Amino acid sequence: LIQLTGFSSDDLETIGVKIKNEIIKIPGVESCYSNLEKTNEEIQIVYDEKKLAFSDLDHETVSLQLKGLVKGEVVSRMQIDGKERNIRVRYKNEDRNSTKKLNDVFLKNSTGKQIHLSSISKMERKFTNASIQKSQNLKTGKIKVLFHENEKTKILRNIQSILDSIERPNG
């Protein structure tokens, strides 16, 4: 396991991809996984701050309403086969993953007026890192290498050589 730590997610990703691409070339390495690569697709909402304020909405209000639609809200409980189960109301799965359907959502502001989400924001599909750990400003990514045990010493020497040759950013 190789741990990379730094302040910039972009620098960590760049270095992590370089290291992974070199390690995978080493004879005897079976696989190499990095949580620094952008492999998770997510929908990102970009707000027009003026329109948001003019609509009498804020980030928290919009976030809570969208969370209710996407993750759902427990509205009741019921007994099924002797076990108590939550009854959850939310958008259908295919609607939750559609930017078009989510853009068509109406939100309520503090006065009860309905505001079309697309009138205050735009949605973008982005790829993000699988899971970079964050502590204050410091970010940590990991690269996991699986290899043949009988070639351990040689492989570890090659990995150390790769790590020694990687140019590190300032800071």
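**Exercise 1.** Which residues of helix 1 are buried?

*Solution.* Before we start, note that this is a predicted model, in which local features need pLDDT of at least 70, side-chain atom pairs count only at pLDDT 80 or more, and totals for chains, interfaces and linings use all residues. Residues are numbered from 1 along each chain as its sequence is written, and side-chain values use heavy atoms, with hydrogens and water left out.

Step 1: find the helix. Helices are DSSP runs of H or I with at least four residues, strands are runs of E with at least two, and both are numbered from the N terminus. Helix 1 spans 9-23.

Step 2: apply the burial cut-offs (buried is under 20% relative accessible area, exposed is over 50%, partly exposed is in between, with a 1.4 Å probe and protein chains only). Leu-12, Glu-13, Ile-15, Gly-16, Ile-19, Lys-20 and Ile-23 come out as buried.

Step 3: recall some helix geometry. An α-helix has 3.6 residues a turn, so residues three or four places apart point the same way.

**Exercise 2.** Find the largest nonpolar core and the elements that supply it.

Step 1: assign the elements. Strand 1 (2-6), helix 1 (9-23), strand 2 (29-34), strand 10 (138-147) and helix 6 (152-165) each give at least two residues to this core.

Step 2: look for a separate one.

**Exercise 3.** Describe the surroundings of Asn-109.

*Solution.* Step 1: locate the residue. Asn-109 sits in the loop between strand 6 (106-108) and strand 7 (114-116), and it counts as buried because its relative accessibility is 9%.

Step 1: list polar contacts (N or O atoms within 3.5 Å; within protein, one able to donate a hydrogen and the other to accept it, with sequence-adjacent residues counting only if both atoms are side-chain atoms). The Asn-109 side chain reaches the backbone oxygen of Ser-55 at 3.0 Å, and one of its polar atoms is 3.0 Å from the backbone nitrogen of Lys-113.

Step 2: widen to all contacts (heavy atoms within 4.5 Å). Beyond its neighbours within four places in sequence, Asn-109 touches Ser-55, Asp-56, Leu-57 and Ile-115.

Terms used:
A nonpolar core is a set of buried Ala, Val, Leu, Ile, Met, Phe, Trp, Tyr and Cys residues joined through side-chain atoms within 4.5 Å.
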